[in-house]
Every structure is written in C-alpha cells, then in structure tokens.
Amino acid sequence: MSLALFVLAFAPGEPVAPREGVLQIQAAEIWTAGGERIQDGLLRIEDGRVRSVSTGKQSDPALPLVRHPGVVTAGLIGLRSQAGVGGELQEDTRSVLAEARAVHAFDPAHPDVARALAAGITALELAPAPGNVVGGLACVVKTSGGRVLTSEASLALSLTSAALGRSTGPSFFVFGAAEVPGEAQAQPDGGPEWSERTPRGNREPTSYAGALALLRRSFAEGQGPFARAKRGDLAVTIEAWDRHEVLRAVELARELGLAGAVRGAPLAGDPAVVQALKESKLGVIVGPYSAGQTRASLESVKTLAAAGVPVAFALGDPARSPEALRLSAARALRAGAPPAAVWKALTEDAAKLAGVGASLGTLAAGREADFVLWSGDPLDLQSRVVAVYVDGQRAWPAPGH
Amino acid sequence: MLLLIAPLLAALPPGDDDWTIQAATVHTVSGAPIENGFVRVQGGKIAAVGKGGGGATLECAAVTPGLIDLALGIDTGPLSVEQSSETAARLSASDGLDLFSYRWERALRSGITTALAQPADYDVIGGLGLVLKTGGAPTLAARLVKPEACLRGAIGAQPSNGNAIPRFQEPQTFYFRRPTTRMGVEWVFRKAFHDTLQGQGEDDPATAADHAVLRRVLAGELPLVVQAKATQDVRTAIYLKEEFGIPRLVLDHAIEAWREPELLKRSGVAVILPPFTADGRHADGFVNDSYFLPLDAARKLHEWGVPFALSAHEGAGAGARLADQAAAAQRGGLPLAAALEAVTLTPARLLGVEARVGSLEAGKDADLVLWNGPPLQPTSRIIGVLLQGRLVLDPRSK
C-alpha cells in the first residue's frame, strides 16, 4: 500500500488517458481518515476506487469535475441493519448455525435500501438476529447497485437472554414457569435483573453456562467460520446486553482469541466494563439510541472513546428511519462524546467492527469510492445530503434527476 | 524488590484501610467473647484481636465476624441453570452470575460479607456452586473465595415442576424426558450416582465431565448441597447419602428436617434453615406444597448436635435479613453463641472456607460487622460493615 502511494505521488508526469469511471470532486472540505480534514480538497476516483485525495486546485481539465461547496466524506455504514429482510434473520430451528448466511435475506431492490442510500448510508451490514447462540455469517452490502461486498463479514454470536431457552416454534401447550416468546430484551439499559419475562422455552441451551459450554465445544471442534474466527481471519460480533453479559463475552473472546465487537451493551460505559473492553480485542456496537435513552447509556460513547475502545452505531429496525444513524450520533455528541470519535463511529470504526475496515469507512487511495456530498458538517443535523456516490457512480439523486 | 519497599511502608502513615475497632464486646466466635476488646485490621486482614487496646479509629458496642449466607439466592434465575438436561454437574454457577446486581450491595449492607452462589433449582443436579464476597469490583477475580465449593442438587417437587408427559403431542422437547414426580427425581439422582460408580456413558464428554464431579462428591472433596424442603425429601436425601456413601451432605431449605431427629443424628448431615415465618407455615404455591417450620427448630438442631446454618434467602425478595433470622432462632430458644455460629463459622466450615472467614482471628479476612448493641437482637442495629478492611458501611455517619 505504501509503495503504491509512493508511486502515485512521484509520477506526476505520467499522462492519464481520460476513461470511463474517472471522476474528480472538488470540495470546500474533504474528510479523509483518522479525523483529517482537507480544506479545498480534490478527490480523484478511478474504476470505483479512490485514486487520491489532495489539497489544492490542480484538477485535470481533461477529466470530468464536480464542484461541491460543502463537505465530502466517506459514506455512512449502518450496522445490524434489518433493511429489506422482512424478519428473515432468525433461524429458530438450531441454536448453532454458523453457516447460515444473512446475505440470502438481502433484497437489493427493497425500498428500505433506497431510503438508507438517500440518508447517506452507502453500506449496510445485515447480520443474523441475536436469538441464536451462533446465528451465522453477517454480510456487508452496498445500498446501490446491489453489490455484496462480502457475504462473510463476521460471525454473529449471542450471549444474551434472547438466545437462551428459546422455543423451536409455537407450542400448543405451554410448559415451564414463564414461557414468553424469546424476543430480544426491550429494556433500554439492559434491565437491572432477570424478570418473569425471561423466556423458558424448550431449546438447548437454557442458561449462560450451557451457552458457554456450547460455544467452547463449537470452537474446539468447529471447522469453517469457527476455525477462521479463532485464527483471526473472521471477526465476531457478540450480542451482550447486561453488564455481566458483556464481561462474559469479553472473557470468552479472550479465552478463544476472538476479535470483533460486542453488540448492545447500553451500559458499556460502566468503569468495570470499560476496563475489561479496553484490555480486549473487542469494540462496541451501540444503539440505535431512542429519545428515551438514559444519560448513563448515552455517555458510554464518550467513555469508551476516551478509553480507546472502537465504537459504532447500530441501525436496527427497518421501521426506524435510516436517519436514526445520525440521530444516534447527535445524541452521543450531546452527551459529551468528541465529534472526531462520533464521526469515526459512523464510518471508520463501523467498517472496522463489521470486518470490512480494509475496504470501507475512509477516503484514502485504494479504498472503495463510496462517498457523500453534504451541504455542511454531517454531524450537524441541519446539514443535508446533496449527493451520494457508490462504487464511484452517482447513486443518489439517480442520474437524470 | 520487597526488601526495598519494606522500609518505605514502615515510614508511611497507617493506610486508609487500616483500622482499630474497639468494642464493649468482641465476639470472636472461635473463642470466648472478649469484654472491652479490640480488633486491629491491616492490609485487608485481621492483624490482632485482644483485650483493651488504644488508638481506636472506630468504636461500637459489639463487633462480630462478617455474616455468611449459604442460601443468598442472588442468581440470574432460570438463566443460571442448564435445563436441557436434568443433570448438569459439570456446569458452574460462576458462568451465570450477575455481579452488577444491586442485591449484592443490599446483602453486604445487611452484614453478609460472604455468600454461596449456586444454580437455581430447576434441575435435579444443577451444577457447581462457588463462594464469593458480596462486595468489591464486580468481577469474579476480585470477589472469589472458592471457585468450586459444592455441587448443587434439588430433591422434591421443584425440579420436576414444568415437566410433563406427552399426552397430547409428540415428545419433542426436553421437558418431556425430565422427571415429573418425586419418584422420578429420586430416580434421576440415583441413576447419576449409579452410572458414575459404573462409569457408564462416559464416551460422551459431557457425561464424563459430570461423572468426574460426582466422583469428587463421593470422595468427600466436594459437599453436596441439596434442596430438601419436606419431610419426605429430607428422608430421600439421607437415604441417598447412606446408599452411596456421600460423605458431606448439606440439606438446604430443610424446612422439615426437625421432624427427623434420628435420621439427622445417624447420618451426620448438615442443615441450612430457610427464613422463619410469623406463623411457621411455608407455602410453595409454585408446586402446591406446604410445610411447617417451628421457631424452636434451630434450638432442636443445636441440642441434637446437627451442624446448621441460618439463611435469609435474600434473593427471594422477601426482604428477610440474616441477622433477623438469628434473632428469631434465639426467640425459639437458641443460645446467642450458637446463633452467631450459625451465621458465621458453621457455614464457613460446611464449605471449607473457614481458614479465611467465619471468625475473628489474626490472619483471617477483615470482614467485620459493627453493632450498636448486643449482636443479633431485634433491638440492635448493624452500624458498620468492613469487607476485607474496606469500610462499606461507616458507623461514624449519621
């Protein structure tokens, strides 16, 4: 990579023949990576990838040029999205289904996907729901053009009550103390204690200890995704809500050498949890934040960022507007998180935690040319999306509009 | 390195967690009470206990060891026990703990400094229990006293509750093959120990791991703590102990153990009593059983020489406090010294942690309870609690 940059930087005399798929964007400000902002920048795109980002006004008159008076950034990434999948992400017949692929639920033509695009989201992560101890493989897809970036982005694991004691299906006779369909916990802060709402279904495992034993066995014996996750070739996302669940997830990841993210964890800002996460190879996927989110929960982005733990926002429910991603970010900002950290959470860290950090999330030479033209600072909710480009092509508004 | 640090330490003023507690009565539990005595605490441990003393940093009417509850019941409910099998000896309650629960703090402030955590009683053999402190950082590393302290089981109606026979549908779930009666529960228990002795089914790694734990129980390395509420359950547990030669059996929630003096004395079991109720009646609406616990049950056990511990079942949400249980037992005729032992040294001995907790002796953990009057009386109050030398309830604050 560094060699390639070197070659590009020191070959100014090389004539570049105008071709299809070549584009220049000149903007008042370009946000590249790691909090860097280039004033009066020039972004050059070639064959769907970023060729260079530079300062100055030396645009090539032979190539198409778009002048934008606002801000250009990498496209937002919506993690744990359910856009256009119609509740098809929960395979209830098995607790462990590592080879289930969320990509098979992806409908590229669904209006949810188009709505996400219009909100400045250029990539979505679709992941198996947290109802299974091992849910399967998450995919990362583009919101325009239907392209699947990877169908094996990360392995979805779950250590929440939602995955424990589930039923394999509706039962005519209800046995057990308090059988409730195993929905993910609705308590915004993970809830103080277990309650009567805890499911007691008929599928193994019914307990944390049973889930851990099942996971240890799966990783010890498992081929495919299990072996890849242990080798470090595949990120994991562990669903964990209550603070004790997060500590259990961190401990499991340490024991098995897994890297990736904890998903949920509204109280991840608790000092004991932050400390454990800091020593782990896990980030945290928080949100989506609602208007009723508690202060302790909202402040976790600030606390985690200060500790150097990567954070990203989940998009969640398709019924929620895709604008929820920027709303979550705004709520974290209001609770004191630094803007640079929040912006990373929307792009760079989101890509990293979704297992696609090498392709998405920043505007640097060689990265995929997914970017957004904003009317102003994208962290300011008054700023609008002016245009969205995916794979170097203008995707929104659709060309011709 | 240590040599370098030692002179520095000597030059330092007393640490934040170094105390000298002076009390009108020091109840050591391991020995006779000391009138006008002191307990010196240094580095989280008890440095000295004696008569007189000076330079007190804390004063109170009485000081006792931190209380120990073997049936605290702070667990994650059904999520603390694996129900897909009726026996899960290999699994540990440590994997299902919620150390962030506010209930630990509540127990600590009520004087309980050490507790046994176990899987909830939904299985016949639920898994391993562990002893931990009720306070400190919310991690196992910070709170652990003994990782594998006992094996938990349940005899009676509770482990079969919710199980069913497949009358109107295919036997498709694990609830259909689990026991549905007391007979079935006893059979599962006996089968587990029988298969262990025979080495049966050990091709399956889970079964082999279960049997390894049961062998430790049979060898007396691990106590077996079983729920046995009703008379018939107390009998069943003791019959099993005698049939398989289980050296260390503890009957938990043994409401009606007092009805079987000869069996208790003959078998050498220990007993954990549940909280006393106003009229002695205990109802289990859950399984439609009822039981009776007279106020003098503890006194009887004491007179028969049966080792017993009192418990508050704090996790049950009844709001009962362990100190109040000791007061109630005294109302039933139990001497103070025996009541104190039943909430400190006896539970420590039953779980094999008496080298660290349970009495006021130099070298033990500085877990102390400070009282404004004679301890374990309805008219006295806990005014201070120290956990490993750390003041968690300050007697000086009004």
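## Model and conventions

This is a predicted model, in which local features need pLDDT of at least 70, side-chain atom pairs count only at pLDDT 80 or more, and totals for chains, interfaces and linings use all residues. Residues are numbered from 1 along each chain as its sequence is written, while chains are lettered from A and ligands numbered from 1 in the order in which they are written.

## Chain A overall

Chain A holds 11 helices and 15 strands. Both are DSSP runs numbered from the N terminus: helices are H or I with at least four residues, strands are E with at least two. Of the 401 residues in chain A, 53% are buried. Buried means 20 or more other C-beta atoms within 10 Å of the residue's own; exposed means 12 or fewer, partly exposed lies in between, and C-beta atoms are placed from the backbone.

A contact requires C-beta atoms, placed from the backbone, within 7 Å.

## Strand S5 of chain A

Strand S5(A), residues 76-81, is mostly covered, with six of its six residues buried. S5(A) pairs with strand S6(A), residues 121-126, in the parallel sense over four bridges. Pairing here means that DSSP finds at least two bridges between the strands. Gly78(A) stands opposite Leu124(A) in S6(A).

Arg80(A) is also in strand S5 of chain A. Its phi is positive, about 50 degrees, although Arg80(A) is not a glycine. Arg80(A) counts as buried because it has 28 C-beta neighbours inside 10 Å.

## Cis peptide bonds in chain A

The bond from Glu204(A) to Pro205(A) is cis, with omega near -5 degrees. Pro205(A) sits in the loop between strand S8 (148-158) and H3 of chain A.

Gly287(A) and Pro288(A) are also joined by a cis peptide bond, with omega about 0 degrees. Pro288(A) lies in the loop between strand S11 (282-286) and helix H7 (295-298) of chain A.

## The sheet of chain B

Eight strands of chain B form an open sheet of mixed pairing, in the order S5-S6-S7-S8-S9-S10-S11-S14. Its edge strands are S5 (67-69) and S14, each pairing on one side only. Neighbouring strands are turned by 25 degrees against each other on average, direction ignored. Axes are lines fitted to C-alpha atoms, for helices over the stretch in contact, and angles run from 0 to 180 degrees between N-to-C directions.

Within the sheet, strand S8(B) (residues 144-155) and strand S9(B) (residues 224-228) run parallel, joined by five bridges. Leu151(B) stands opposite Leu224(B) in S9(B). Helix H9(B) lies across S5, S6 (112-117) and S14 of chain B, running at about 120 degrees to S14(B).

## Helix packing in chain B

Helix H4(B) (residues 182-198) and helix H5(B) (residues 205-218) pack at an angle of about 95 degrees, with axes 9 Å apart. That makes H4(B) roughly perpendicular to H5(B). Angles of 65 to 115 degrees count as roughly perpendicular, under 35 as roughly parallel, over 145 as roughly antiparallel and the rest as oblique. Ala192(B), Phe193(B), Asp195(B) and Thr196(B) in H4(B) meet His211(B), Leu214(B) and Arg215(B) in H5(B).

In helix H8(B), residues 297-304, the buried residues are Ala297(B), Ala298(B), Arg299(B), Leu301(B) and His302(B). They pack against strands S11 (270-273) and S14 (308-310), and against helices H9 (322-331) and H10 (336-342), of chain B.

## The nonpolar core

The largest nonpolar core has 246 residues; those with the most contacts inside it are Val284(A), Leu251(B), Val271(B) and Ala326(B). Such a core is a set of buried Ala, Val, Leu, Ile, Met, Phe, Trp, Tyr and Cys residues joined through C-beta atoms within 7 Å. Helix H3(A), residues 208-221, gives the largest share, seven residues.

Not counting residues up to four places away in sequence, Val271(B) touches Leu251(B), Ala254(B), Ala257(B), Leu301(B), Val306(B) and Phe308(B).

## His253 of chain B

His253(B) lies in the loop between strand S10 (249-252) and helix H7 (261-267) of chain B. Its phi is near 55 degrees, a positive value in a residue other than glycine. With 28 C-beta neighbours inside 10 Å, His253(B) counts as buried.

Technical notes. Contact = placed C-beta atoms within 7 Å.
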